[in-house]
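Let's walk through the salt bridges here, one question at a time.

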Amino acid sequence: MRENKEDICRQLFEAIRRTRAGDDVVGLRYVKEGYEEHVYVDFIDNPGGRKINVSMDSGIAMIRDVLNNIDIG
């Protein structure tokens, strides 16, 4: 099965925004640029967001990287 990282990112955002801890997260964007893959996390007070490198990640590794790199607690 080929993983759709864009869809995983979209559904992860939906899960995060349904929690109190994710109240300030207003978007997750998966972007593939050549061989590099990143997830941009947009916050209420930082619409430019945070850039997380998810190159070479499996779907579950991408989820872990995003959750480990944003402070939602």
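Q: Is Asp42 buried or exposed?
A: The cut-offs are under 20% relative accessible area for buried, over 50% for exposed, and partly exposed in between (1.4 Å probe, protein chains only). Asp42 has a relative accessibility of 10%. That makes Asp42 buried.

A quick word on the source: this is a predicted model, where local features need pLDDT of at least 70, side-chain atom pairs count only at pLDDT 80 or more, and totals for chains, interfaces and linings use all residues. Residues are numbered from 1 along each chain as its sequence is written, and side-chain values use heavy atoms, with hydrogens and water left out.

Q: Which residue forms a salt bridge with Asp42?
A: A salt bridge means a side-chain nitrogen of Lys or Arg within 4 Å of a carboxyl oxygen of Asp or Glu. For Asp42, the closest N and O atoms of the pair are 3.0 Å apart. The partner lies in strand E1 (residues 25-33) and Asp42 in strand E2 (residues 36-43), so the pair ties together parts 13 residues apart in sequence; strands are DSSP runs of E with at least two residues, helices are runs of H or I with at least four, and both are numbered from the N terminus. The partner, partly exposed at 38%, is Arg29.

Q: What separates Arg17 and Glu14 in helix H1?
A: These two form a salt bridge, with the closest N and O atoms 2.9 Å apart. They sit 3 residues apart in helix H1 (residues 5-17), so the separation is about one helical turn.

Q: Which residues are linked in a network of salt bridges?
A: Glu14 pairs with Arg17 and also with Arg18, at 3.1 Å between the closest N and O atoms. The network is Glu14, Arg17 and Arg18.
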